[in-house]
Amino acid sequence: MKEKSKSIIQAVIGAVIMIIGIVLCVNTYVVKGNKAYAFSLLVTIIGAVVLISGLYNTFCKSEKKPVDAKVIAQAALCAALCYVGATFIKIDIPVGTERTMFHFGNVFCVLAALLIGGTWGGLAGAVGMTISDLTTAYVTSAPKTFILKLCIGLIVGFVAHKLFKISKEHSAKYITVATIVSSICGMAFNIVADPVVGYFYKTYLLGVPQDLAKALAKIGAITTTVNAIIAVIVASILYIALRPVMKKTDMLRDL
């Protein structure tokens, strides 16, 4: 009971920090420019991580196991790959004063969820791609990126490991189907959520004119769909290729 109370307090503190960060983001974006805005984003992200951790500890009823160092190393590697995929393997598309892009970041976000589970995979994708936003011209999109990529990882991980249980022994055909379906579920969410959340985020939080926000949402829907197709195909191929090797080297997580 005492542990649960601590977790609730942690979640409340995380929510407060995240709200403060969001308020600072709105003010610093309008008044002080990107450096202060980047600091505000950092506060928001820290609050979100603390909140998620608190909620997880509060509602997770299963017995907690110590985190394997291999999982942390794999998550860090996946975060780095997400950063590289979003920062360097991309094509920018200018839209007025804003921009969108084709990129490979989602490939590694989905792959991370397949390899190490939804929670760690989602955090790897969220952290890696948020850092990419913070260090490039997409700094204003960082809060949206963190939330959406975390959700992608959680959805892919849930379908893959909780419904299909791909970490267990199954036939190659079963694993292939499960991998593709799990990837499609995560990317289907992103196809819908990314342009919709982006429109409201840019219009009501960043003050972007509605016409420009609508144009960005329409173009974003196209780029998001292309990114999703690429992510499903490439992430599925990579996971199916890596799975036997990771099993032999005892690196495949039992979820």
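## Exposure and the predicted model

A residue counts as buried under 20% relative accessible area, as exposed over 50%, and as partly exposed in between. The structure described here is a predicted model.

## Two residues with positive phi

Lys-165 is not a glycine, yet its phi is positive, at about 55°. This lysine is located in the loop that lies between H6 and H7. Its relative accessibility is 41%, so Lys-165 is classed as partly exposed.

Asp-250, likewise a residue other than glycine, has a positive phi near 60°. Asp-250 belongs to the segment after H8. Because its relative accessible area is 54%, Asp-250 is classed as exposed.

## The largest nonpolar core

The largest nonpolar core comprises 27 residues, and those with the most contacts inside it are Val-110, Leu-114, Ile-166, Met-187 and Tyr-239. Two or more residues each are given to this core by helix H3 (69-87), helix H4 (105-116), helix H6 (142-163), helix H7 (172-205) and helix H8 (210-248). H4 supplies the largest share, nine residues.

Leu-114 illustrates the packing. Leaving aside residues up to four places away in sequence, Leu-114 touches Val-156, Ala-160, His-161, Ile-166, Thr-179, Ser-182, Ser-183, Ala-235 and Tyr-239. Two of these partners, Ile-166 and Tyr-239, are also listed among the residues with the most contacts inside the core.

## A second core

A separate, second core contains 14 residues. Among them are Leu-41, Tyr-199, Leu-212 and Leu-216.

Note on methods:
Residues numbered from 1 in each chain as written. Predicted model: local features only at pLDDT ≥ 70, side-chain atom pairs only at ≥ 80, totals over all residues. Heavy atoms only, no water. Core = buried A, V, L, I, M, F, W, Y, C linked by side-chain atoms within 4.5 Å. Buried < 20%, exposed > 50% of the residue type's maximum accessible area, 1.4 Å probe, protein only. Helix = DSSP H or I, 4+ residues; strand = E, 2+ residues; numbered from the N terminus. Contact = heavy atoms within 4.5 Å.
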